[in-house]
2 protein chains.
Amino acid sequence: MKEIDESEAERHRRKMANRKAVQDAEVASKTIEKGLLIVNTGPGKGKSTAAFGLALRMLGHGRKVAVVQFIKGAWDTGERVALEAFGDRVIWHTMGEGFTWDTQDLKRDVAAAERAWEKALEMMALPDVGLLILDELNIALRYDYLNLDTVIADLATRRPDLHVIVTGRNAKAPLIEAADMVTEMTLVKHHFKAGVKAQAGIEF
Amino acid sequence: MKEIDESEAERHRRKMANRKAVQDAEVASKTIEKGLLIVNTGPGKGKSTAAFGLALRMLGHGRKVAVVQFIKGAWDTGERVALEAFGDRVIWHTMGEGFTWDTQDLKRDVAAAERAWEKALEMMALPDVGLLILDELNIALRYDYLNLDTVIADLATRRPDLHVIVTGRNAKAPLIEAADMVTEMTLVKHHFKAGVKAQAGIEF
């Protein structure tokens, strides 16, 4: 058991009381409710994983979640199977054709991205979806499979309470500009470097 | 429909064929399987959310997940309710006493952190848990509620196939040193700055 003397306890109390006052004032100053455009980008792990964590949160509030995958992940089995527990409250569309280095076919990739964007627009039109995940859309934008201006314009026309989360590395600057919240996942350390392979429940 | 000429398509094919060769060689070079110590830290969003996304992935593979929360979040309702869909495959222990600025009581915070660590050890001893989430453990370590050396030594004694994920900002350097994978979530842009309040399904 850690020993704590009274002066240390009192310093802690005062510091935390100040912190609480700042925190409370900050919370009180926020009054706007709106559907957010969220971007998770960067070379680190957790971009899609955090999006699916947010899906879980939204489902916990009784809302529906739609997912459009722009690049068909070989490694998405875990979360897709788990989300089946929520029945028709999760709508999942895998529209991509595999990693771009698997297809090696630009026309096919562009056509797949265009079909995926049509599907995204269809999901945006559903009135009862609370969160739309556009998984790896940044990849499709990076390779110019889709027109960036069109994508941003379409996103701007969505209903005001729909939250959208876009994942994938190398998010384009105008998308970051248009977004309400942007997080960059930075790789500090990765076990692949130490020869550890992709494992069930972690990478897929 | 985007126009693509043949030379562009061929350049793309060659580039992606090279990329695939590199990718395949890299995957083949990884052979080790082990329970990972993962740390999600940094000031950005998505540290806990990505941990719960990983929980979803693990559940999709039929494994059990245990969660020990070191700081009782006022804002964790969404994911906790959603994870109830998985019944006894999710074991959830909220051990903290609220944000440190809410309790303002150092002794109480230290006692709560110590109880939480005991619970974490108990979860580590369960043979059928695939992933243990130690949510906001970094906060307890940052304020020295727990002894860092003890925590790292205890983590090192876990069974070799147990994945552990530690969340919270300001991860201590020796914990990063001990970890297999570390991601720093960096805040690029946050809607709170624009006066948007915390909303159901997003922040809680």
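**Entry 1: chain A overall**

I began by noting that the model is predicted. I then counted the secondary structure of chain A and found eight helices and six strands. I read their order along the sequence as α-β-α-β-α-β-α-α-β-α-α-β-α-β. For the extent, I took the C-alpha trace along its principal axes, which spans about 70 × 45 × 35 Å.

**Entry 2: burial, contacts and surface of chain A**

How much of chain A is buried? I get 53% of its 204 residues. Next I looked at contacts in chain A with a separation of 6 or more, and 79% of these join residues 24 or more positions apart. The accessible surface of chain A is about 8800 Å². Carbon and sulfur atoms hold 52% of that surface.

I also checked the charges. Chain A carries 29 positive and 30 negative charges. Their mean positions lie 4 Å apart.

**Entry 3: helix 2 of chain B**

I moved to chain B and helix 2, residues 47-60. I then checked the cover on helix 2 of chain B: 14 of its 14 residues are buried. Past the helix I noted B:Gly62, with a positive phi near 80 degrees.

**Entry 4: B:Ser48**

I picked one residue of helix 2 in chain B, namely B:Ser48. Is B:Ser48 buried or exposed? Its relative accessibility is 14%, so I log B:Ser48 as buried, the cut-off being under 20%. Which residues does B:Ser48 touch, leaving aside neighbours within four places in sequence? I find B:Asp135, B:Glu136 and B:Thr167.

**Entry 5: helix 5 of chain B**

Last, I looked up helix 5 of chain B, residues 106-124. Its 19 residues reach 27 Å from first C-alpha to last, close to the 27 Å expected at 1.5 Å a residue. At the start of helix 5, a side-chain oxygen of B:Asp105 comes within 3.2 Å of the backbone nitrogen of B:Lys107.

I listed the buried residues of helix 5 in chain B too. Among them are B:Leu106, B:Asp109, B:Ala113, B:Ala116, B:Ala120 and B:Met124. B:Trp117 and B:Lys119 are also on that list. I kept one rule beside it: an α-helix has 3.6 residues a turn, so residues three or four places apart point the same way.

How values were computed. Residues are numbered from 1 along each chain as its sequence is written. Chains are lettered from A and ligands numbered from 1 in the order in which they are written. Side-chain values use heavy atoms; hydrogens and water are left out. Helices (H or I, at least four residues) and strands (E, at least two) are DSSP runs, numbered from the N terminus. Buried means under 20% relative accessible area, exposed over 50%, partly exposed in between (1.4 Å probe, protein chains only). Contact means heavy atoms within 4.5 Å. The expected span of a helix is 1.5 Å times one less than its number of residues. A polar contact is a pair of N or O atoms within 3.5 Å; within protein, one must be able to donate a hydrogen and the other to accept it, and residues adjacent in sequence count only if both atoms are side-chain atoms. Accessible areas come from the Shrake-Rupley method with a 1.4 Å probe; for residues, only the protein chains shown count as cover. Lys and Arg count as positive and Asp and Glu as negative; His and the chain ends are not counted. The place of a charge is taken as NZ of Lys, CZ of Arg, CG of Asp or CD of Glu.
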